[in-house]
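Trainee: Could we look at how some helices pack in this one? I'd like to learn to read it step by step.

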Amino acid sequence: MAKVMIMDTILRDAHQSHAATRMRTEQMLPALEALDDVGYYSLEGWGGATFDTCMRFLNEDPWERLRTLRKYLKKTPIQMLLRGQNLLGYRNYADDLVDKMVEKCYENGIGVIRVFDALNDPRNLEASMKAIKKYGGQLRASDPKRGICEAAISYTSGPSYTMEYFVDLAKTYESMGADNICIKDMANLLLPFDAYELVTALRKALRPETKIHLHTHNTTGTGDMVNLMAIRAGVDIVDTALSPLGNGTSQPATEPLVATLRGTEYDTGIDLEKLIPIAEHFKKVAAELEKEGSLNPKVRQVDVNTLIYQVPGGMLSNLMNQLKKAGKEDKLPEVLAEVPNVRRDCGYPPLVTPSSQIVGTQAVMNVIMGERYKQVPKETRDLFAGKYGRVPMPVNEEVAEKVLKGEKRITYRPADDLEPEYEKLKAEVLEKGYYTQEEDVLSYASFPEVAEKFFKWRKAKNEGIDTDLAKSGVYPV
Ligand SMILES: [Mn+2]
């Protein structure tokens, strides 16, 4: 019987969920060798938010962080999260940039790439999975634990999301070359008995060598039960976070699960004693993050709103903020009733970023304006126009006409419209005088303004100019 394996998210999702992704490399360093020695399947350490935050708030080169992690994590693969054709950013990138990004991720130390699309449109994973297979295959030839392609299903609930839907999607990803299939339950919408059913169905439908990897959170307090039920159903890998940054909006804590499975047929093989000093270290880090204001202890509480309203926690707080700004807080019940209507109109997209924001904003507008689709933001139009990809169900044609006003719809892969862009972006970085490595082009492509500000700071620092002044924003010119 295969043991249950664990990916610890302490270096990525744990602090992204609890502390706005503000953990610095120097706060990770003292624990890296011990983490490497635990025997995890992988350590999640990189993704869009870490990439952005490194440059935006921490004055760190995200690539440098990755190389540092790799230097100390000799045995344990580093896992990252890639947003399909959106890579680490929020727009569609051309295929040449997707290829270059994947090449550089592996080259700088990534071992496992988890790739997903918010709409679960397999066409949006075509280019990235092709690159992951290409460069990952080369890496794997010398190191079988690295170069792994993990395709993730964005888990959501709703009338079109049947077991059959998820199983078909998983099989599609498997046939595209995925080594692992991940159930990505970012909003903790997956309930324990559904997890059992889903993992059972996937286990039956997928090849025996395909690993099933579950990612959930403990936002609504069901996370440990979800993991345990998935384990009973034969899941291979689950995500947890060491206790100082575990539970609440983060992953269920690592230590209780390791203890629960010890001595059973699911034993993780992890020595609880080894986790204690590491947890001690991150307890101090969590206290530092709380002191500097990045961590609000409220994130550790159970929030049952998602269970009641069937919308992710982040989406609910956005709705409340939008209503508050408009002075219409009393309209919340109407907006919550309108959310499923809007979602049905636009073909039941999963409620994850960015579709959760699009559906939520449109529902707020429909209620505030007193007429449905009287006011329509560009993002709603783009969703109806197919610019984010294919939605799971047909859209409401009457609404589509009202929203699009004759604008053309696309039915092909959105990135097919894009010209190669790597060389053009490289020329820009060179011209601005910031080019030090190919990776700079990828940083610049991902977050142009943020990267440029960071490059300016880096240049000032490397040229020996007062960095405090540089940080204050007075310099650079
Ligand atoms: Mn997550």
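Mentor: α2 passes α4 in a right-handed crossing, meaning the near helix is turned clockwise from the far one by less than a right angle. This is a predicted model, where local features need pLDDT of at least 70, side-chain atom pairs count only at pLDDT 80 or more, and totals for chains, interfaces and linings use all residues. Residues are numbered from 1 along each chain as its sequence is written.

Trainee: What do we call the arrangement of α2 and α4: roughly parallel, roughly antiparallel, roughly perpendicular or oblique?

Mentor: Helix α2 (residues 25-36) packs on α4 at an angle of about 25°, and the axes are 9 Å apart. Axes here are lines fitted to C-alpha atoms, for helices over the stretch in contact, with angles from 0 to 180 degrees between N-to-C directions. Angles under 35 degrees count as roughly parallel, over 145 as roughly antiparallel, 65 to 115 as roughly perpendicular and the rest as oblique. So α2 and α4 are roughly parallel.

Trainee: Which residues of α4 does α2 meet?

Mentor: Contact means C-beta atoms, placed from the backbone, within 7 Å. From α2, the residues are T25, L32, E33 and D36. Their partners in α4 are R65, T68, L69 and Y72.

Trainee: How many residues of α19 are buried?

Mentor: Buried means 20 or more other C-beta atoms lie within 10 Å of a residue's own. Helix α19 (residues 438-446) is mostly covered, and V441, L442 and Y444 are among its buried residues. The count is eight of nine.

Note on methods. A residue is buried if 20 or more other C-beta atoms lie within 10 Å of its own, exposed if 12 or fewer, and partly exposed in between; C-beta atoms are placed from the backbone. Helices (H or I, at least four residues) and strands (E, at least two) are DSSP runs, numbered from the N terminus. Two residues are in contact if their C-beta atoms, placed from the backbone, lie within 7 Å.
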